[in-house]
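User: I am new to reading protein structures. Please take me through one, feature by feature.

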Amino acid sequence: MSQEHIRNFCIIAHIDHGKSTLADRMLQLTGTISDRDMQAQVLDTMDLEREKGVTIKASAVRMAHTASDGRVYELNLIDTPGHVDFGYEVSRALMACEGAVLVVDASQGLEAQTLANLYLALEADLEIIPVVNKIDLPAARPDEVAEEIAALIGVDAATVLQISAKEGTGVAEVLEAVIARVPPPAGDENAPLRALVFDSHYDSYKGVVAYVRVVDGGLRHTDELHHIATHITFKPVEIGTFAPDMRPAAELKSGEVGYIATGLKTVAESRVGDTITHKAKDLPHALPGYREPKPMVFAGIYPVEGEEYGELKDALEKLQLNDASLVYQPETSQALNFGFRCGFLGMFHMEIIQERLEREYDLDIIVTAPSVEYEVLMKDGKTITIESPAKLPDEGDIQEIREPWMTLQIYTPTEFYGPVMELATKRRGIYLNEEYPSHNRVQLNYEIPLSELIIDFFDGLKSRTKGYASMDYHFKEYRAEDLTKLEVLVNNEPVDALAAIVHKDHAFHKGQALVSKLKDLIPRQLFVVPIQASASGRIISRANVKAVRKDVLAKCYGGDITRKKKLLEKQKKGKKRMKMIGSVEIPQEAFLAVLRLSDE
Amino acid sequence: MTETSVYIHIPFCTHRCGYCDFNTYEGLAALIPAYVDAVVKEIRYVGERVLGPVVVQSIFLGGGTPSLLSAAQVEAILRAVGEAFLVLPGCEITLEANPGTVTSGYFRALRSLGVNRISMGVQSSRPQELTILEREHDFGAAIQAMKFCREAGFQNVSIDLIFGLPAQQLAHWQRVLEDGLALNPDHISLYALSIEHGTPMQRMFSRGLIEEIDQDAAADMYEWSMNRLAEAGFCHYEISNWAKRDEQNHLMASLHNLQYWRNQPYLGFGAGAHGYFANVRTVGVLAPGSYVARMRSLPVRERAIPRTPATAAAKAVDRQDEIGETMMMGLRLLEEGVSRPKFLARFDKDLDTAFPGVIRELEKQGLLEDDGERIRLSRRGRVLGNRVFVRFV
């Protein structure tokens, strides 16, 4: 098919605004998938995605559609991840498109990610097709929301389509608009091959499958290919298109979207954003924007049972096959023994990995409180980076500690202005300015340390705004701050997994809160257990867990010993879920106590 | 020949107490005659089928309120036991009685039937506590019942008391125990109140009307009681049980309960009764009506003893379970403990091999005492028994 009849587009939306449902309807309408085979939200293949209602990984599908002009068009829908942690992946997926359908919920209106994704799409120079979805909802206010969108992107509100993806209303019009308004690809068919990798997955038979958009030139399945960024050369196992399952093809031409099964062993070898070309002496210029994935959030993951270390390692290895942004290295904690320090793109990414380890690999794990990467300038002039509070060198040797700062956009109904302001300020946020992109909505712009964002910030925001606020954040820079290590001693021994790096102004308050929380969480032992918090070499808080006094069962009436035994067995199970730190049993929740401090 | 015990459950009460979650029913008194017939039938069922003689060393009529049975009904049951099994001379025969349900004549009749031990549900002496427990008697009735017992010639009378009641303070409990001692019992059982699921008390608790007392207060009461009872000449032979010595210096411990704690066999008869015989644990169908019906129309298919037509569930106990249960029960016996030679003889396995390192560790924690011959709970281990038991099950 000539480029003239190809349209490459994506759907961008805030979480739950109906992106996947709209994609499903398009697949049905174009006959790409039969109604019978329709499993709700085909594009979200992971259970977790379906459950969380968001797309974790991008995906692509080719549809053939006969337009009202009677001609058949090839429509490539590229699905984008719906979460801010995956901003880079979103930007690459957008680069593979010429147009974007911007979906906004008719009852919710604009949200932070609507804006964030819209800005990304405008940056990628995409044609925007604004759509108001869920007009069937009783609370829908389609005209009002259409006005908001129109004002935002500077178009006439009449061009904003009003649809209900759930009921199928207006979906055909969306496809018509894609064909009419999205420009066809404008690549040079005769130039050397340049194909953008916008996603990948690992297939145990075909190796890494790179999802590509052919920008210039074309390729045949017999060609020898090369990655410009990673310098890895390979011969494809297979090439083809998504229909929506992988369907082999002999060639992919300029403007097309498809896949290249590379036979490579890890997705890190065929990274998102890399450019694939023919192996040749003179390589073309890489497509712009490639970045190495950079984890922002770090946490220790430990098996509850030491003997599961091997299984945890295997599981992380397998997850990494499919997820180039997950990094991990072995770590030893005196409290939790052997585990891994893992790096994630953000909190959401971390949650997903944690859940996949628990569900798909059936592992019992302890995840320590997340941390960011600190830069530490030593007195001897050297700079080191640390990802774990426990690794902070002695305070006397430190010149300064720098921590990552982010720009933060919070998008909220104006009535929550006060509570949002209070939350951000409490978390050391610096107010920059505010914008009013639509009536009754304010976008508050801040700079804030990432360490404050990753601990419960989003939950705090949601609870203060009845769930209406949304947020987006991006890395800004490292800044020197007055930071100190908050250490916790249980039974006079420092527990590394409970250490945290905090601002000195907050150390006292946080130390007290942590100690009183741990006092409630740590069950009474055979002896008195002192819990202390220390910062900068001083004990700043102390509490005792009293020794257990009484733990015994009454008599067994009428010889019913099975019931007593069951109680004991339950007690035994409970013990198993504890970690022995020295001679003290500490329940798993205690390791996350640091997380919940901000509520106090 | 291993001696066996017999437990007979009498699930009827004129009123169900507020804390009670046992298999008991109020308002079913009309069923008692049919129920007694059914119990007799169940006893005979086992007696006719069991291989070899069953030597009975103790019989316990528990409840519920067994003292709701007439003397004739008790007689019918005891006669059935005597006909079905070989009841040893001097066999301990206990009946649980509630103050307020008994008369002097009743006790005399029981005594003449061979009942030789009474376990009296006194529970408290404080009116407000008896009210909260929903007991139907006052302490005056307990005094009177005790008098009737002695007049009828009972020389082995036990009382039950409950401590750790909502709002109870140490001084309150001290008063209750002193009152209990004033009744001059031969044996005392002290139970810490536990608020059980599905009881009226638990509902009050979940509505926030009453509060559980904290473990420190309960521990204070228990520890005070240990001292006080020792002073009064009682031997603390099991976690919840104290006994005096008779004139021949024999400890008047409950032989029946010792059977449980030594993990020895017992046959259970009646609705919801538990049994442990030939390495099988059994439990009878709970509802008295169903129990009667099951025993009335015997099934065509024979059931292997100790199962009877009334058995609702049965489970064979494997060696590993038996070891764990022997430990968990045996360690409740504070004087006797678990003896190394007896353990070896029973399981053909050394105690220390069965639980490598565990005994040493518990000893180091101050929970166990080990004199080489036997292991026992230490004084501290008595209040923290669960911490010890879990290591063995």
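User: How many helices and strands does chain A have?

Analyst: The model is predicted, and its secondary structure is read as runs of residues called helices and strands. In chain A there are 14 helices and 33 strands.

User: In what order do the strands of the open sheet in chain A lie?

Analyst: A sheet is read from one strand to its partner. This open sheet of chain A has 8 strands in the order E11-E10-E16-E7-E8-E15-E12-E13, and the pairing is antiparallel.

User: Why is one side of strand E11 and of strand E13 of chain A left without a neighbour in the sheet?

Analyst: Strand E11 (233–234) and strand E13 (246–249) of chain A are at the edges and have a single partner strand each, so one side of each has no neighbour in the sheet.

User: How many bridges join strand E12 of chain A to E13(A)?

Analyst: Two strands count as paired when there are at least two bridges between them. Strand E12 (residues 238–242) of chain A and E13(A) are joined by 4 bridges and run antiparallel. To find the place in the model, look for A:Ile239, which is opposite A:Ala249 in E13(A).

User: Now the two chains together. How many residues does each of chain A and chain B bring to the contact?

Analyst: Chain B brings 37 residues and chain A brings 27 residues. The area buried between them is about 3400 Å², with 54% of it from carbon and sulfur atoms. On the side of chain B, 19% of the area buried against chain A comes from B:Gln215, B:Asn386 and B:Arg387, more than from any other three residues.

User: How many salt bridges are there across the interface of chain B and chain A?

Analyst: The rule looks for a side-chain nitrogen of Lys or Arg within 4 Å of a carboxyl oxygen of Asp or Glu. It finds 9 salt bridges across this interface. One of them links A:Asp551 and B:Arg387, whose closest N and O atoms are 3.0 Å apart. Polar contacts between chain B and chain A come to 17 residue pairs.

User: Which element gives the largest share of the side of chain B that touches chain A?

Analyst: That is H8(B), with 6 residues. By class, this side of chain B is made up of 18 nonpolar, 7 polar and 12 charged residues.

How values were computed
Residues are numbered from 1 along each chain as its sequence is written. Chains are lettered from A and ligands numbered from 1 in the order in which they are written. This is a predicted model: local features need pLDDT of at least 70, side-chain atom pairs count only at pLDDT 80 or more; totals for chains, interfaces and linings use all residues. Side-chain values use heavy atoms; hydrogens and water are left out. Contact means heavy atoms within 4.5 Å. Buried area is the accessible area (1.4 Å probe) that two parts lose on being put together, summed over both. A polar contact is a pair of N or O atoms within 3.5 Å; within protein, one must be able to donate a hydrogen and the other to accept it, and residues adjacent in sequence count only if both atoms are side-chain atoms. Helices (H or I, at least four residues) and strands (E, at least two) are DSSP runs, numbered from the N terminus. Ala, Val, Leu, Ile, Met, Phe, Trp, Tyr, Cys and Pro count as nonpolar, Asp, Glu, Lys and Arg as charged, and the others, Gly among them, as polar.
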